[in-house]
Every structure is written in structure tokens, then in C-alpha cells.
Amino acid sequence: MTTAYVRGPASPPVLLPVGAGRVVRPWERPSPVRSLPPETKLVALVAFALAVVAVPAASWPVLLVAAAGLLVVARLARVPVGWALRRSGVEVPFLIFALLMPLVASGPRMRVGPLTLSEAGLVGGGLVITRATLGLGVALVLTASTPPHEIIEALGRLRLPRALVDVLTHMIRFLDIVADDLRRQGIAQAARGDHRRRSVRLAAAAASAGHLFVRCFERGERLHLAMLSRGYAGALPPSGRPGATPGEWARALALPALILLALPVARGVGLR
């Protein structure tokens, strides 16, 4: 008996370089901002946002000082430009709202080309864009210089309810697990010659979402049983990390303090 072997079409090889699965997170880069305790950075973020909101429209030089200071802090934190731009899409709704304000606001109007725009709407739209951009920028600096688990731990140091902190901790952990499962699934599809269009592959990934949910639920049950067997009594043990020193608080709050100091100076020179 003669056996015939039929050779199918060869798939292009999938070459995975050494370390391809290793993704370098921005917070893994050492920097002066990275070394600050996370609770100081959280308080500095809130203080910076409140200081920017407190700046009136006429005191625009103070907003320029805030933007310049934020750029310096981002440089010190070594925030990757591409990483920040890819995450700036959350600001698009604010930009659309700000661009529509001059068209729908009332009050005195001025002609700009073929359009008649509201002066109050132009000022308000500019403030919305500036404040939203500064708020997004300081949030990106925080996330680029602080791992998620340290942010959650900082919430506990700032007296957030312990049960809520534990829930957020487990949620962050399971998000990493789901992301790893999806990444391994994509590598397995590519290794088996799956070179379909991106939309088709996304549909296949969406169809497996139910399977991933069941696996995460089962892992959650096993994790809960393991925690109970190790003496879990309703709260995770503290990390034992020492609290922030006065010098670290001063460095973290330097930028919000600069804005608050620049505001009365701007008012003193007539920018009210």
C-alpha cells in the first residue's frame, strides 16, 4: 500500500524574540518621583487639581506656571511620551464639550471667520481644556511613577475603609491575571497560524469572555479558601512600610504650593 502525503500551505513563521513577553512598566524606571511614598503623591494629586480649579480665568499666568511645573515633574518621573499619548484619549469628551461652548453660550459675541462665537464661551472652553489637560497630566504622572498595588496601599494609609482596600487589591490582581490569559491566548493563536483580520480575532476573543469569567470565578473561590486556611480574618496584613517623612511630604507638595503662592502674586499685579 502506498501512502500519499499532501503538503498544505505553509504558514509564515512566528518569531518571538527573547524577552518578548516581558513588558517594562513605566513605574519600573527609577526616578525621584518614583521614590516618593505613594500616599504623598495621592495627596499632591488632589491638591494640584484643587489648586488648578481655584485659579480664575483672568489669572492665566498661574495656569502657565502650573503647566510648566507639571512638565518638569513629568520629566523627573521619566514618563514615556508615547505611553502618555496612548492614554490621553479619555480627554476627548472634554475637548468636544469645550469646542461646543463658544457656539452655544450666550453673551457678547465676536466673529471668527464665518462663525459668530460667544466671548464667554471661548473663555470657558479654554478653561475646560486647560484644567482637563492639567488634571489628566498629573494623573498620568501618578500612574507612571506608582504601581497599582502601591496606590491601593496608599488609600489604606489615608484611612480608606480597610474592606474596600482589600476588594480593590484583589481586583487589581485579577485584572493582571485576565490580561495575562488574553496575552497567552493571542500568542497561541499566532503560533497556530491565525493571521485573520484584527476585527475577526477580536470577535473570537469576545466569544471567549464567558470562559475567562468562569475561570476567574473559580480562581477567586480557590484564593478565598487558601486565604481562610492561612488565617485570613477579614483584613490583609499591613505591608510594614514606614510612613512618609516631613521632607518627602514637602517634596511631593512643592508643585501645589507653588501654584497657591503664584495666585496672590498674580492678583497683586492686577490679574484678577
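The expected span of a helix is 1.5 Å times one less than its number of residues. Helices (H or I, at least four residues) and strands (E, at least two) are DSSP runs, numbered from the N terminus. The model is predicted: local features need pLDDT of at least 70, side-chain atom pairs count only at pLDDT 80 or more, and totals for chains, interfaces and linings use all residues. Residues are numbered from 1 along each chain as its sequence is written, and side-chain values use heavy atoms, with hydrogens and water left out.

**View 1. Helix α9, from end to end.**
Helix α9 covers residues 209–229. At 1.5 Å a residue, its 21 residues should span 30 Å. Its end C-alpha atoms are 30 Å apart, which agrees. Just after α9 comes Gly231, with a positive phi of about 90°.

Which residues of α9 are buried? They are Leu212, Cys216 and Met227. These residues cover an arc of only 45° around the axis, which puts them on the same side of α9. The arc is that of the directions from the helix axis to the C-beta atoms. Buried means under 20% relative accessible area, exposed over 50%, and partly exposed in between (1.4 Å probe, protein chains only). The cover over the buried residues of α9 includes α7 (162–191). On the face turned away from the buried side sit the exposed residues His211, Phe217, Arg222, Leu225 and Ser229. An α-helix has 3.6 residues a turn, so residues three or four places apart point the same way.

Strand β1 takes in residues 109–112, and strand β2 residues 115–118. They pair in the antiparallel sense over 4 bridges. Two strands pair if DSSP finds at least two bridges between them. Val112 stands opposite Leu115 in β2. The strands form a hairpin with 2 residues between them. In the turn, Gly113 has a positive phi of about 65°.

**View 2. Helix α6 against α7.**
Two packed helices are described by the angle between their axes and the distance between the axes. Helix α6 (residues 148–157) packs on α7 at an angle of about 175°, with the axes 9 Å apart. That makes α6 roughly antiparallel to α7. Axes are lines fitted to C-alpha atoms, for helices over the stretch in contact, and angles run from 0 to 180 degrees between N-to-C directions. Angles under 35 degrees count as roughly parallel, over 145 as roughly antiparallel, 65 to 115 as roughly perpendicular and the rest as oblique. Which residues meet here? From α6 come Pro148, Ile152, Leu155 and Gly156. From α7 come Val165, Leu168, Thr169 and Ile172.

**View 3. Two arginines with positive phi.**
Most residues other than glycine have a negative phi, and most peptide bonds are trans. Arg159 is not a glycine, yet has a positive phi of about 70°. Its place is the loop between α6 and α7. Arg159 is exposed, with a relative accessible area of 71%. Arg78, also not a glycine, has a positive phi of about 55°. Arg78 lies in the loop between α2 (60–76) and α3 (81–86). With a relative accessible area of 41%, Arg78 is partly exposed.

Helix α1 (residues 38–54) holds Thr40. Is Thr40 buried or exposed? Thr40 is buried, at 0% relative accessible area. Not counting residues up to four places away in sequence, Thr40 touches Ala244, Glu248, Trp249 and Ala252. Contact means heavy atoms within 4.5 Å. Phe48 is found in helix α1 too. Phe48 is buried, with a relative accessible area of 1%. Leaving aside neighbours within four places in sequence, Phe48 is in contact with Ala66, Leu70, Leu134, Val138, Leu255, Pro256 and Ile259. Phe48 and Leu258 are 210 residues apart in sequence, but 9.7 Å apart in space, C-alpha to C-alpha.

**View 4. Arg267 and Ser59.**
Arg267 lies in helix α11 (residues 254–268). At 39% relative accessibility, Arg267 counts as partly exposed. Arg267 and Ser59 are 208 residues apart along the chain. Their C-alpha atoms are separated by 7.2 Å.

**View 5. The whole protein, for orientation.**
The protein has 11 helices and 2 strands. From the N terminus on, the elements run α-α-α-α-β-β-α-α-α-α-α-α-α. Of its 272 residues, 27% count as buried. Among contacts between residues at least 6 apart in sequence, 78% join residues at least 24 apart.
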